[in-house]
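Keep the viewer open as you read.

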Amino acid sequence: PDIRALAALSLAEALAFTSTGESSRLDALALARIAASAKAEFSVGQESVSKLGRELVDRLRVSMPGCAAPPLSGVDQDGKKVCLTNELGRHVVIAFWNERIDFFKHLQDSFAELANQYIGAPISFISIRIKGADEAFFSTSFNEAPTYTLITEDKNGPNANAWHVKLSPTIFIIDPKGVISHRITAKPNPASVIANSTFLGFGSHSDLEWNERLTQALETIPSLTEAKRTLTSF
């Protein structure tokens, strides 16, 4: 039973990573429910397989492509209130990240550079920086007018919980109707399960890889591709 539950959980995570439609999401959900119903309390790191399975079920039901975007709100770098519902009618990129690992320190500049390419297009960029329990909030300075919105919260903040984010960075693209069209996260790494990874089955992105995947995803959206072409044609 332990092996079956762990195998179901690992495969569900892999399917969730590669999910591009409703069929693969439902396959992952079925496997996650097998792990969630495990009676044995076999653990990975500090968590039982059944608990990790329940968390994956919640994520697959709430914050995967095809799901309605969960609520998102906060206060930006200028002290202004931010609410996702105010962005309906536009595409929205939401990036959850932290600064614990060195390359995340460069994410802010990379995110700004990408957002710069779409100034004037029907898209908004929201960066949610998550601090650990033992960290102070980081100060942020912009050398010029910011091209994206920055919200800072702790790892148990309302947005990370609502979106079921446990891994950094995790990036979402929301369509104009408020539906998640893309979820971009780190690659599955089943070997790390054996090594008691702090986050089941996942390794980290390089700073260029997440940027490339986000850029590729944006370039598949016709309305944004056309807008970007018009903006750069002057």
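Predicted model: local features only at pLDDT ≥ 70, side-chain atom pairs only at ≥ 80, totals over all residues.

**Starting at the first helix**

Residues are numbered from 1 along each chain as its sequence is written, and side-chain values use heavy atoms, leaving out hydrogens and water.

Which residues of α1 are buried? They are Ala5, Leu6, Ala8, Leu9, Ala12, Glu13 and Ala16, where buried means under 20% relative accessible area, exposed over 50% and partly exposed in between, with a 1.4 Å probe and protein chains only. They cover an arc of only 160° around the axis, which puts them on the same side of α1; the arc is taken over directions from the helix axis to the C-beta atoms. That pattern has a simple background: an α-helix has 3.6 residues a turn, so residues three or four places apart point the same way. On the face of α1 turned away from the buried side you'll find the exposed Ile3 and Arg4.

Next comes α2 (residues 22-36), with 15 residues and a reach of 20 Å, close to the expected 21 Å. Its buried residues, among them Arg25, Leu29 and Leu31, pack against α1 and α3, with contact meaning heavy atoms within 4.5 Å. In α3 (residues 49-62) sits Ser50, which counts as buried at 2% relative accessibility. Its side chain makes a polar contact of 3.1 Å with that of Ser48 (N or O atoms within 3.5 Å, one able to donate a hydrogen and the other to accept it; sequence neighbours count only through side-chain atoms).

Now for the cores, meaning sets of buried Ala, Val, Leu, Ile, Met, Phe, Trp, Tyr and Cys residues joined through side-chain atoms within 4.5 Å. The largest nonpolar core has 23 residues, and Val93, Phe111, Tyr118, Ile123, Phe125, Leu214 and Leu218 touch the most other members. Elements supplying at least two residues each include β5, α4 and α7. A second, separate core of 20 residues includes Leu6, Leu9 and Ala16, which we met as buried residues of α1.

Note on methods
Helix = DSSP H or I, 4+ residues; strand = E, 2+ residues; numbered from the N terminus. Expected span 1.5 Å × (residues − 1).
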